[in-house]
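Hi,

Here is the model I promised to pass on.

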Amino acid sequence: MDRIVVTGNGPLNGQIPIAGAKNACLTLMPATLLSDEPLTLTNAPRLSDIRTMSDLLASLGAEVTALNDGRVLAMSSHGLNNLTADYDIVRKMRASILVLGPLLARMGRAVVSLPGGCAIGARPVDLHLKALEAMGATLDLRDGYVHAEAPGGLKGAMFEFPFVSVGATENALMAATLARGTTVLKNAAREPEIVDLAQCLQKMGAKITGEGTSEITIEGVDRLHGATHPVVPDRIELGTYMLAPAIAGGSVTLMGGRLDLVAAFAEKLRATGVEVTETSEGLQVSRPNGRVDAVDVTTAPFPGFPTDLQAQMMALMCTARGTSVLEEKIFENRFMHAPELMRMGARIDVQGGTATVTGVETLKGAPVMATDLRASVSLILAGLAAEGDTVVSRVYHLDRGYERVEEKLSAVGALIRREKDDG
Ligand code: EPZ
């Protein structure tokens with residue numbers, strides 16, 4: 001198993017290219033199940049989660065061909081021959097549940113393993129199921145699988161989510177494109193990944209309005225056709241690398257980055273004293289002076305501060321001047337990075353969903369590990385500002401969601417390398 005070694009090395013300068021969004025690509029790929037014509041995604045990120053989704057689609061009989069070094073995914077669901085998403089794949093990646101809505105909508109039947117809990121929370125999928133039931137699906141949960149049927153097809157419905165769920169909105173949106181009649185999704189998620197999905201579905205012939213607002217209306221059509229769609233830039237990768245010069249000093253341009261994707265996060269970053277400027281190339285982030293100022297952060301659905309940047313923001317707050325309070329409102333167990341950061345000398349007190357971080361002058365490198373993707377990358381960011389070596393193990397978490405992290409950070413002057421861990 002690989003590990004990553006980061007040696008704190010002062011300011012970073014240069015450019016980092018931002019890849020297509022993992023979480024957008026993971027919902028755009030199952031959209032191929034809605035049509036028997038090809039769907040091609042450009043600007044795809046090269047990540048292990050994307051390979052897992054390819055494997056899942058292939059197990060259903062879809063063809064997925066990675067072209068242009070994995071940047072382009074050419075997909076076709078013409079020859080679907082299996083309607084069961086097996087536990088062996090679903091357990092690796094929860095986003096597998098996103099095949100349920102499309103399979104059911106086009107084929108009238110689907111059997112999908114229920115994803116279990118994960119390191120950051122219980123993460124049930126009840127809202128996905130309720131939205132599909134509202135559209136007339138009959139669901140039977142047995143043997144760890146959801147057996148879903150809609151023999152006469154799904155029917156348009158009004159469904160109000162009791163709280164915002166990105167994945168449930170995506171599943172319902174995809175399913176509704178082929179339902180008979182009109183579906184109105186209320187209290188829908190407004191994340192850029194939802195807008196990207198809606199735009200791709202529109203290119204495929206779907207009739208959708210209101211994407212990006214909390215009420216999405218979908219008029220079902222008989223069939224969807226092929227399309228080509230570029231994946232939106234990854235706002236979480238963008239925010240993560242915006243924090244690199246904020247933590248280590250220097251000035252870095254995030255190529256292809258857009259302020260509208262990270263507005264709430266950028267506002268917080270500016271409040272710490274970091275400069276964020278939108279240019280024709282992307283976002284330029286500079287930390288001109290010494291330590292940043294502490295700010296308080298509360299995570300919320302888009303357009304609020306993303307939970308997927310909370311761990312990385314905490315890494316910055318560890319060396320800020322003053323005390324910051326970070327409140328995690330989306331997942332019940334998303335502070336696993338805190339004890340690891342404390343091993344590097346951070347002062348953090350976690351009480352339930354609230355972490356209070358008192359900034360220290362410097363962190364010290366240490367061997368650390370994390371149990372999820374964003375926690376892992378927060379430790380790398382902390383390592384950029386630490387004295388000595390920070391050795392991050394369990395790198396497979398990183399590879400799920402960050403494309404070549406060590407290459408991107410080396411290119412702006414970080415001392416970071418990947419090692420084979422024989423232990
Ligand atoms: C998506 O997960 C992302 N994953 C997550 O990114 C992200 O953290 C999350 O949205 C929130 O922004 C993908 O897009 C693949 P939710 P998702 O449904 O859709 C509860 C990363 O690091 N809930 O919006 O699973 C749930 O437990 C990952 O890239 C239910 O109770 O998130 C959570 O507390 C991690 N029942 C809250 O809602 C449901 O049926 C929001 O979850 C669905 C969700």
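**What I found**

Strand 18 (residues 297-298) and strand 19 pair in the parallel sense, with two bridges between them. Two strands count as paired if DSSP finds at least two bridges between them. Helices (H or I, at least four residues) and strands (E, at least two) are DSSP runs, numbered from the N terminus. Within this pair, Val297 sits opposite Leu326 of strand 19.

Before going further, the ground rules: this is a predicted model, where local features need pLDDT of at least 70 and side-chain atom pairs count only at pLDDT 80 or more, while totals for chains, interfaces and linings use all residues. Residues are numbered from 1 along each chain as its sequence is written, and side-chain values use heavy atoms, with hydrogens and water left out.

Back to strand 19 (residues 323-327), whose side chains alternate. Buried here means under 20% relative accessible area, exposed is over 50%, and partly exposed is in between (1.4 Å probe, protein chains only).

Strand 16 pairs with strand 17 (residues 282-287) in the antiparallel sense over four bridges, and Val276 stands opposite Val285 of strand 17.

Another open sheet of four strands runs in the order 4-5-3-14, also with mixed pairing. Its edge strands are strand 4 (63-67) and strand 14 (227-230), each pairing on one side only. Strand 3 (residues 39-42) and strand 14 are parallel partners over four bridges, and Thr42 has Pro230 of strand 14 as its bridge partner. Helix 7 (residues 192-203) lies across strand 3 and strand 14, at about 160 degrees to strand 14. For all such angles, axes are lines fitted to C-alpha atoms, for helices over the stretch in contact, and angles run from 0 to 180 degrees between N-to-C directions.

**Helix 8 and its partners**

What does helix 8 pack against helix 12 with? From helix 8 come Ile236, Thr240, Leu243, Ala244, Ile247 and Ala248, and they meet Arg374, Val377, Leu381 and Leu384 of helix 12. Contact means heavy atoms within 4.5 Å. By class, this contact has eight nonpolar, one polar and one charged residues. (Ala, Val, Leu, Ile, Met, Phe, Trp, Tyr, Cys and Pro count as nonpolar, Asp, Glu, Lys and Arg as charged, and the others, Gly among them, as polar.)

As for geometry, the axes of helix 8 (residues 235-248) and helix 12 (residues 373-384) come within 8 Å and cross at roughly 20 degrees. That makes the two helices roughly parallel; the cut-offs are under 35 degrees for roughly parallel, over 145 for roughly antiparallel, 65 to 115 for roughly perpendicular, and oblique for the rest.

Helix 8 also packs with helix 9 (residues 263-271), at an angle of about 10 degrees and with axes 11 Å apart. Helix 8 is therefore roughly parallel to helix 9. Gly239, Met242, Leu243 and Ala246 of helix 8 make this contact with Phe265, Ala266 and Leu269 of helix 9. Its residues are six nonpolar, one polar and no charged.

**Around helix 5**

Leu127, His128, Leu129, Ala131 and Leu132 are buried in helix 5 (residues 126-134). The buried residues of helix 5 pack against helix 4 (100-107), strand 8, strand 9 (145-149), strand 10 (158-160) and helix 6 (166-176). After helix 5 comes Gly136, with a positive phi near 95 degrees.

Two of those neighbours, helix 4 and helix 6, pack at about 15 degrees with axes 7 Å apart, and are therefore roughly parallel to each other. Leu100, Gly101, Pro102 and Ala105 of helix 4 touch Asn171, Met174 and Ala175 of helix 6.

Lastly, Thr138 lies in strand 8 (residues 138-142) and counts as partly exposed at 48% relative accessibility. Leaving aside residues up to four places away in sequence, Thr138 touches His147, Ala148 and Glu149.

Cheers
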